[in-house]
Amino acid sequence: MAGGRGRAEAAVIKRHGRHYTPVGLAGFLAAGVVRHLGGRGVVRVLDPACGDGELLFAIAEALAGVGVVAELVGYDLDGEALGVAEKRAAERGVVGCWREGDFISAAAGLGSGEFDVIVTNPPYVRTQQLGAVAARGLARDFGLVGRIDLTHPFVKIFPRLLRAGGVVGMVCSNRFLSTKAGANVRGSLVGALNPVEIYDLGDTRLFSAAVLPAVVIATGVEGPGRCRFVAAYRDEGAVRTSGATLFEALRADGDSVVEHGGKPVSVRVGELADRADSAEPWRLRGRGWLERIEAATWRTFGQSGKIRVGIKTTADAVFIRSDWAGVEPELLQPLLTHENITAWHVDVPSTKVLYPYDLERDKRTPVDIEVFPGAAKYLESHAERLKGRKYVTDAGRQWWEIWVPQRPGLWATPKIVFPDISVRGRFALDRSGAVVNGDCYWISLADIEDERLAYLMLGVANSALGLRFYDEVCGNRLYAGRRRWITQYVERFPLPDPETAAAQELVDAVRELVEGRGDPTAVDGLVEKAFGL
């Protein structure tokens with residue numbers, strides 16, 4: 001907004017994790033909230049992190065459009081932003097109460113069922129930014145687990161404050177849809193609340209900051225009922241099919257490709273899939289295709305082999321270099337990073353890691369560093385930094401160790417490797433014996449036991465079917481089409497029965513690609529054939 005909003009925004013983001021809600025998005029959310037709100041005379045509306053009040057005023061305007069008066073209550077830590085909100089309320093002739101302070105602390109003093117509508121764009125502040133004591137307190141008080149942000153305790157509070165038949169409208173990070181910690185929010189939304197509309201707005205760039213938002217509308221009416229689910233992501237290869245705006249497409253009955261911000265955006269419309277288990281990611285219900293894949297799945301990746309993240313030194317500048325001198329070569333191992341991995345193949349890395357472990361031992365066994373005076377001297381020159389990692393020594397380690405060295409004895413065994421972030425699958429087979437960096441994941445053939453399964457994994461993960469499966473089931477897409485290929489997603493990927501003739505045909509084709517021969521364009525059809533599509 002002009003005036004206070006534009007001037008204060010950068011400072012507020014920095015201090016409170018606040019990304020002000022764009023006017024168009026606020027209006028879209030408000031219309032959805034009012035659509036699910038039964039007839040009432042005066043509607044009492046709360047925003048526990050209101051900033052300059054954009055969401056509250058959008059609700060007030062939408063209610064006025066159906067002849068209903070709104071009473072607004074806004075909390076925020078930013079007194080300057082509240083001053084802007086109070087001024088805007090006066091200009092609009094809207095009744096408002098503006099309270100400076102921490103909503104989570106203040107909520108205990110609010111009465112049950114005090115509000116008809118709760119609408120918010122919670123501050124996206126990870127609890128580790130608040131400090132360990134505050135994080136543990138929130139986890140204890142609200143029964144939260146995992147890596148949480150302030151959305152989680154906010155949503156836990158809402159059901160008590162909402163009147164029967166009331167509505168919650170929220171703009172938040174879309175992470176809650178797919179991450180393990182997001183189960184905190186998912187569980188609340190199917191407990192005392194009932195989600196009725198969810199919009200995953202992905203990389204549509206509705207915010208000026210790098211925010212991947214979602215819109216959630218939930219009612220206090222007991223469910224579960226049907227929940228509309230819409231996903232909108234940029235799709236550079238898509239052809240525009242509609243002249244509608246993005247917000248019009250989000251409300252339409254069918255799929256479309258629209259232009260937004262000068263880029264094509266694919267909008268997929270459907271229903272939220274079964275959400276009985278809050279530990280499972282939320283996604284668009286399959287339209288027959290996914291059910292056919294599941295019926296043809298012999299085993300998942302996770303059932304076939306352990307998926308490990310690469311090493312984490314917590315002091316990369318010390319342990320990882322390409323210009324080593326004076327350190328014994330026995331302790332320097334080639335290091336595979338995301339830059340070395342393409343689909344099917346790995347490039348020989350020029351970077352090496354100082355890896356002070358016995359490679360003959362399966363589990364972490366440090367070498368006798370005194371036997372390697374060059375390495376000992378080098379590590380001693382960085383002792384101040386390395387000894388500052390108290391969590392290493394507190395865990396009973398030597399101060400010069402890597403924090404997560406993984407399994408030293410398994411590096412020499414062939415392994416599947418893939419980057420943790422890429423636009424599409426970049427799964428390769430590595431036979432070099434290199435160590436895998438923490439920006440990648442790996443699956444040892446020692447766990448898989450059958451090399452045919454490794455080739456099947458590569459074929460599925462690098463295929464168009466694998467990409468579609470990711471989007472249907474995992475759905476954690478970042479900006480510019482990038483996806484997170486982490487354990488909790490990759491372990492869900494399907495494998496066809498390896499004993500079928502179609503699967504063997506796929507294995508043979510992938511083996512040729514790994515060996516530098518063959519036609520990668522044939523893989524997509526062979527993968528579909530292996531699943532009986």
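Where does T314 lie? T314 sits in the loop between β12 (308-309) and α13 (316-319), where helices (H or I, at least four residues) and strands (E, at least two) are DSSP runs numbered from the N terminus. Its surroundings are taken up again below, after a word on the model itself.

The structure is a predicted model, in which local features need pLDDT of at least 70 and side-chain atom pairs count only at pLDDT 80 or more, while totals for chains, interfaces and linings use all residues. Residues are numbered from 1 along each chain as its sequence is written, and side-chain values use heavy atoms, with hydrogens and water left out. The average pLDDT (the predictor's confidence in each residue, from 0 to 100) is 89 for the protein, and 93% of the residues score at least 70. Residues 1-17 call for some care: pLDDT stays under 50 there. For that stretch the model has 30 contacts beyond four places in sequence, a contact being heavy atoms within 4.5 Å.

Two strands are taken to pair if DSSP finds at least two bridges between them. Strands of a sheet pair through backbone hydrogen bonds, either parallel or antiparallel. On the β19 side the direction is parallel, with 2 bridges joining β14 to β19 and L336 partnered by V436. Strand β14 (residues 332-336) is largely enclosed by the rest of the structure, because 4 of its 5 residues are buried; buried means under 20% relative accessible area, exposed over 50%, and partly exposed in between (1.4 Å probe, protein chains only).

The loop between β18 (428-430) and β19 holds R431, which is partly exposed at a relative accessible area of 47%. Beyond its neighbours within four places in sequence, R431 is in contact with P414, E451 and Y455. The side chains of R431 and E451 make a polar contact at 3.3 Å. A polar contact is a pair of N or O atoms within 3.5 Å; within protein, one must be able to donate a hydrogen and the other to accept it, and residues adjacent in sequence count only if both atoms are side-chain atoms. The C-alpha atoms of R431 and W411, which are 20 residues apart along the chain, are separated by 9.2 Å.

Helix α19 (residues 464-474) is mostly covered, with 8 of its 11 residues buried; among them are L467, F469, Y470 and E472. S463 caps its N-terminal end, placing a side-chain oxygen 3.3 Å from the backbone nitrogen of L465. After α19 comes G475, with a positive phi near 70 degrees. Helix α21 (residues 501-514) has 14 residues and reaches 20 Å from its first C-alpha to its last, close to the 20 Å expected; the expected span is 1.5 Å times one less than the number of residues. Its buried residues include A502, L506, V510 and L513, and what covers the buried residues of α21 includes β18, α18 (451-461) and α22 (523-530). Just after α21, G516 takes a positive phi of about 90 degrees.

Under the rule that a disulfide is a pair of cysteine sulfur atoms within 2.5 Å, the count comes to 0. The sulfur of C440 is 18 Å from the closest cysteine sulfur, in C474, too far for a bond. C440 is buried at a relative accessible area of 0%, and C474 is buried at 3%.

Backbone angles bring the account back to T314. Most residues other than glycine have a negative phi. T314, however, has a positive phi of about 60 degrees although it is not a glycine, and counts as partly exposed at 35% relative accessibility. E449, also a residue other than glycine, has a positive phi near 75 degrees. This glutamate, E449, lies in the loop between α17 (445-448) and α18 and is exposed, with a relative accessible area of 70%.
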